[in-house]
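Colleague: Hi! Could you walk me through this one?

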Amino acid sequence: MTESVFHGVRLEGVAVALPGGALDEADFTARYGADRVARLRKAIGLGRILVAAPGETASSLARRAAQALPSLAGVDALLFVSQTPDAIAPATSAKLAGALGLGEGALALDVNQGCAGFTVALRLAAHLLLHPAMRKVLIMGGDTLSRHVDRADHATATLFSDAGFAALVGKGGNAIWRFATATEGSDAIAIPHGATFRMDGTAVFNFTVSKVPAQIQALLDPAVDCLLLHQANAFIVRQVARLCGFGPDRAPCDFPDFGNASSASLPLLLCDLAANHGWHGRREAILSGFGVGLTWCSVRLPIDFDIPLHLLSPTPPQRETAP
């Protein structure tokens, strides 16, 4: 496990685009039965998941999010974080850089990361911004995992949501990043070529409660106001928060409303807190992402909840029907 300290980095704005479809408890009940849905509601906080409408992709959702940010002037690098890019080649980041008019000089990179993707990309952005010629980094990403799950597998089909996000990182302020990657069990979460998403839930839970709290605790400081966790599911959020000494008021959970949105999970939580829960002003926060890899990455940084934090409704609104 390595620790890096960066000075002069700040989050300038975040936007999340929600997809056009959704599945809720009624849909799950029709597919899996009332008893199983009741158990899932109690076990993981099952509510609803968001599902990409026909024609929507991770990149199209992320592009809509980027267009909601106040200005992309000065962006010298674009990082696209996704497990579900548009294609194996060309790089989705290059297509987005061109579509957004960033210019031929902009660096464009795809980052194959999932639930830890946002915090990993923040660290990459911080490294890039050490260069004096680098002004701003645009992080874009998201996933459409609903197209890769087996809908007959209730353990994954009721868990993962689709969404896209964009975040602008510039110079100014202070932050500390801590990053680590497990060396065993990396196939506990996987999408093999030609196969559907698979997850060893027991292995992932054991990894999360044994590795993630220690990393967070190493970053703890009396000044920390809140713990913002990847929304794996409500049970995991509660367990990790409890192990780190945080109650629900300081470690919020929006999994029942939005599901597990993979790399978009933390951006979605930030925007939801600002848009729907009245969070304002500056807070010293710890953000922690963890999942496929197995990778876990946490960052302690000040977040100003009065910067642009946009939660974009689906356009046009559509409803997914359970098969």
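Colleague: Which residue in strand 6 does V81 stand opposite?
Modeller: V81 stands opposite G141 there. Strands here are DSSP runs of E with at least two residues, and helices are runs of H or I with at least four, numbered from the N terminus.

Colleague: And in which sense do strand 4 and strand 6 pair?
Modeller: Strand 4 (residues 75–81) and strand 6 pair in the parallel sense, over six bridges; pairing takes at least two DSSP bridges between the strands.

Colleague: Where do these numbers come from?
Modeller: This is a predicted model, where local features need pLDDT of at least 70, side-chain atom pairs count only at pLDDT 80 or more, and totals for chains, interfaces and linings use all residues. Residues are numbered from 1 along each chain as its sequence is written, and side-chain values use heavy atoms, leaving out hydrogens and water.

Colleague: Back to strand 6: how many of its residues are buried?
Modeller: Seven of the eight in strand 6 (residues 136–143), so the rest of the structure largely encloses this strand. Buried means under 20% relative accessible area (1.4 Å probe, protein chains only).

Colleague: New topic, helices! At what angle do helix 2 and helix 8 cross?
Modeller: Roughly 20°, and the axes of helix 2 (residues 34–44) and helix 8 come within 6 Å. Axes are lines fitted to C-alpha atoms over the stretch in contact, with angles from 0 to 180 degrees between N-to-C directions.

Colleague: Which residues make that contact?
Modeller: K42, A43 and I44 of helix 2 meet A234, F235 and R238 of helix 8, where contact means heavy atoms within 4.5 Å.

Colleague: What about helix 7 and helix 8?
Modeller: The axes of helix 7 (residues 201–219) and helix 8 (residues 234–243) come within 9 Å and cross at roughly 40°.

How values were computed. Buried < 20%, exposed > 50% of the residue type's maximum accessible area, 1.4 Å probe, protein only.
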